[in-house]
Amino acid sequence: MDAKYNKTKNSIKIWPYLDDTSQAIIPYTVDHLSKNSSMIINLDFSCVKRVNSSGAVIALSKLLTALSTKKEHSFKLVMPENNNIEKYLQEIGFFSILSNKIRFEYANLFDAFVINHQPIEHIDYDNVQNIKKISLPIFPLKYNEDNDRESVEIFADWITDIVVENLPKFKKMNVLLSILKEIAKNSQDHTGNDSYFGIDIVNNLSTNSGQFIFSCSDLGLGITKNVRKHLENESNLNRAKDKFSYTDAYHFAFTLGNTTSKNPRNKGIGMSMIRDGADILDLDLSIWDGRSMLFTPKSVSHSELRKNAFDTGNSVGFYYYGRLKY
């Protein structure tokens, strides 16, 4: 390992399991890092042991958020010790997106490292169990203030082709596509920043069954802070903001007709459509927001919301994470 890396220990260490939600409760803090801008900060992927696209997106958004506060520093990448992990992250476009976001600020980030800017799907076969695993390239939803639905439509066309090709016998395809599009639309309408989709498909070729796993991470405030910010700007609701809990915010968000957007085309139906769709599909869908995680509830009653909400103890960012068995 690089001697300078060992000497400085000025590192952000990446969680070893980037294939599930366990990393969602791990904050990538920069508080411990040197304030001396001449010191290189290492992004340490050396111990990453597992990865998939839906998990990598969470790590990506955490890093982009953390690095945005250290623009005066230069960075170096400590590569995974497992060459297959490096290959995986290259293929799904993880390093490409990271470098495109920070290349101008961090000239030393990718020393002697060639980045693949043409991401492809990563495919693994388990010949013993006859299982095919497909990890799609990370899909960036580029925020465009002048045309905030353009990237949503591009994403909708892309994901429709993916689902039709890989889940041809799934009878509720339209419901799944509606959920994914509404998540993308909500992100663009309320975030004011880029978002990222990671998608993995696990097909059992013997039984024609499998799992569709996805995450969507954005760099915005999250639903809870958006709702509270909305209340601050509504004179008749201003006093309510101080008493609005995490579950109160989601009760507002899931209630048909409620919206924090000022755009008249937004009718406040997106979150209720996502919740209804998850119920129809029996989709295991969690929403990570602020310091909490919420399983999408069967109803929007306060008691049901409280039952399905969990305090993580850390600032987790904002993500949707879904797992569908079919």
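How many bridges join E9 to strand E10, and in which sense do the two run? There are 10 bridges, and E9 and E10 (residues 209-218) run antiparallel. A few notes follow, starting with the ground rules.

1. **Ground rules.** This is a predicted model, in which local features need pLDDT of at least 70 and side-chain atom pairs count only at pLDDT 80 or more, while totals for chains, interfaces and linings use all residues. Residues are numbered from 1 along each chain as its sequence is written, and side-chain values use heavy atoms, with hydrogens and water left out. Helices (H or I, at least four residues) and strands (E, at least two) are DSSP runs, numbered from the N terminus. Two strands pair if DSSP finds at least two bridges between them.

2. **The E9-E10 turn.** E9 and E10 form a hairpin with four residues between them. Have a look at Asn-208 in this loop: its phi is positive, about 55°, although Asn-208 is not a glycine. Is Asn-208 buried or exposed? Asn-208 is exposed, with a relative accessible area of 58%.

3. Asn-130 lies in the loop between strand E6 (122-126) and E7. Asn-130 also has a positive phi, near 60°, in a residue other than glycine, and at 30% relative accessibility it counts as partly exposed. Asn-144 is found in the loop between E8 and helix H5 (150-166); at 27% relative accessibility, Asn-144 is partly exposed too. Leaving aside neighbours within four places in sequence, Asn-144 is in contact (heavy atoms within 4.5 Å) with Glu-150 and Gln-188. Asn-144 and Asp-194 are 50 residues apart in sequence, yet their C-alpha atoms are 8.7 Å apart in space.

4. **The parallel sheet.** Elsewhere, three strands form an open sheet in the order E1-E3-E5, with parallel pairing. Strand E1 (11-13) and strand E5 (75-78) are the edges, each pairing on one side only. Neighbouring strands are turned by 20° against each other on average, direction ignored. Strand E3 (residues 41-44) pairs with E5 over four bridges in the parallel sense, and Asn-42 stands opposite Lys-76 in E5.

5. Lys-9 sits in the loop between helix H1 (3-8) and E1. At 67% relative accessibility, Lys-9 counts as exposed. Lys-9 and Asp-44 are 35 residues apart in sequence and 10.0 Å apart in space, C-alpha to C-alpha.

6. **Helices H7 and H8.** What is the angle at which H7 and H8 pack? Helix H7 (residues 223-232) and helix H8 (residues 246-254) meet at about 80°, with their axes 9 Å apart. Axes are lines fitted to C-alpha atoms, for helices over the stretch in contact, and angles run from 0 to 180 degrees between N-to-C directions. H7 and H8 are therefore roughly perpendicular to each other (65 to 115 degrees; under 35 is roughly parallel, over 145 roughly antiparallel, and the rest oblique). From H7, Ile-223, Thr-224, Val-227, Arg-228 and His-230 meet Tyr-246, Ala-249, Tyr-250, Phe-252 and Ala-253 in H8.

7. **Helix H9.** Helix H9 (residues 270-281) has 12 residues and reaches 17 Å from its first C-alpha to its last, close to the 16 Å expected at 1.5 Å a residue (1.5 Å times one less than the number of residues). Its buried residues are Gly-270, Met-271, Ser-272, Ile-274, Arg-275, Gly-277, Ala-278 and Leu-281. Just after H9, Asp-282 takes a positive phi of about 55°.

Key: Buried < 20%, exposed > 50% of the residue type's maximum accessible area, 1.4 Å probe, protein only.
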